[in-house]
Amino acid sequence: YYAAILCVLAKLIARGKVELREDSNLLENPKVIEAALRNSARQGNTIVDLCETVTDEQLRRAKQFYRDFFDTPTSANEVKTIGQDIQKAFLELQNTLNELLAQKNQYPFVEQLRPYSDEIRGMVEKPYVWFVTGMSERWADWLNAKTETIDPIRRLMGGTQKAIYDRARDFVISNQANLPDLDGDLLVAVKNTLEDLTCYQGGKIQPLKANTEKLQDQLKEQL
């Protein structure tokens, strides 16, 4: 009978219906939970708490957000698993953003990612249920950030646009002595794009490519 109770309790924990706390500390590691359930000496300090009630609609919306934001579906159907999936995915995103932020000296526009990295830092220690319930008020903002900032910067830094930016920047740096002899308007346009912290938006990189090539041609004619 006692073993049956422990079995039911373990299933409720796995489904995110209840949580175990030992000396006010939440137990999340499966091995730690198993040890707490099996060790009668620890049970006096172990408390079973009901988890926050989550509706089917909240679960559905959480799964929808996961699919829309991370571009992949989740097969999870339980609160705990869905919440942990979102939590883990945000932690991985933070690592990616931090890798990009480490290149801010060469690519100043990546600083636009810092507010999102900082916000994730404050999120990842939240309990898993928060990612299904408490975070919902920020989902629209995160989806907008993905569309307007995060994805465009990641595409720029991971594709041919980065090479275009590099060539333009290197051209300006390596030809300082010759720049006064080149077309002033073209030069201003190139510099403005390189200094533009939103150069990843609105197709601004393609004109940068054309303008840089024109300046390179002018320089060749003068040499």
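## Confidence

The mean pLDDT of the chain is 88. A score of at least 70 is reached by 91% of the residues. This is a predicted model.

Helix H6, residues 139-158, has the highest mean pLDDT, at 97. Strand E3, residues 46-50, has the lowest, at 66.

## H3 against H6

Helix H3 covers residues 56-70. Its axis lies 11 Å from that of H6, and the two helices pack at an angle of about 5 degrees. Angles under 35 degrees count as roughly parallel, so H3 and H6 are roughly parallel to each other.

Which residues make the contact? H3 supplies Gln58, Arg61, Ala62, Phe65, Asp68 and Phe69. H6 supplies Trp139, Trp142, Leu143, Lys146 and Ile150. By class, seven of these residues are nonpolar, one is polar and three are charged.

## An aromatic link

The structure contains 16 aromatic pairs. One of them joins Phe69 and Trp142. Their ring centres are 5.8 Å apart. The planes stand at 90 degrees, and the pair is edge-to-face.

Phe69 belongs to helix H3 and Trp142 to helix H6. The pair therefore ties together parts that are 73 residues apart in sequence.

## H4 against H6

Helix H4 runs through residues 79-101. The axes of H4 and H6 come within 12 Å. They cross at roughly 45 degrees, so the two helices are oblique to each other. The crossing is left-handed.

On the H4 side, the contact uses Phe90, Leu93, Thr96, Leu97 and Leu100. On the H6 side, Trp142, Ile150, Ile153, Arg154 and Met157 take part. Eight residues of this contact are nonpolar, one is polar and one is charged.

## H4 against H5

H4 also meets helix H5, which spans residues 114-123. How do the two axes lie? They come within 9 Å and cross at roughly 145 degrees. This crossing, too, is left-handed.

From H4 come Phe90, Leu93, Gln94, Leu97, Asn98 and Leu101. They meet Arg114, Tyr116, Ser117, Ile120, Arg121 and Met123 in H5. The contact has seven nonpolar, three polar and two charged residues.

Technical notes. Residues are numbered from 1 along each chain as its sequence is written. This is a predicted model: local features need pLDDT of at least 70, side-chain atom pairs count only at pLDDT 80 or more; totals for chains, interfaces and linings use all residues. Side-chain values use heavy atoms; hydrogens and water are left out. pLDDT is the predictor's confidence in each residue, from 0 to 100. Helices (H or I, at least four residues) and strands (E, at least two) are DSSP runs, numbered from the N terminus. Axes are lines fitted to C-alpha atoms, for helices over the stretch in contact, and angles run from 0 to 180 degrees between N-to-C directions. Angles under 35 degrees count as roughly parallel, over 145 as roughly antiparallel, 65 to 115 as roughly perpendicular and the rest as oblique. A crossing is left-handed if the near helix is turned anticlockwise from the far one by less than a right angle, and right-handed if clockwise. Contact means heavy atoms within 4.5 Å. Ala, Val, Leu, Ile, Met, Phe, Trp, Tyr, Cys and Pro count as nonpolar, Asp, Glu, Lys and Arg as charged, and the others, Gly among them, as polar. Rings of Phe, Tyr and Trp (its six-membered ring) pair if their centres lie within 6.5 Å; planes under 30 degrees apart count as stacked, over 60 as edge-to-face and the rest as tilted.
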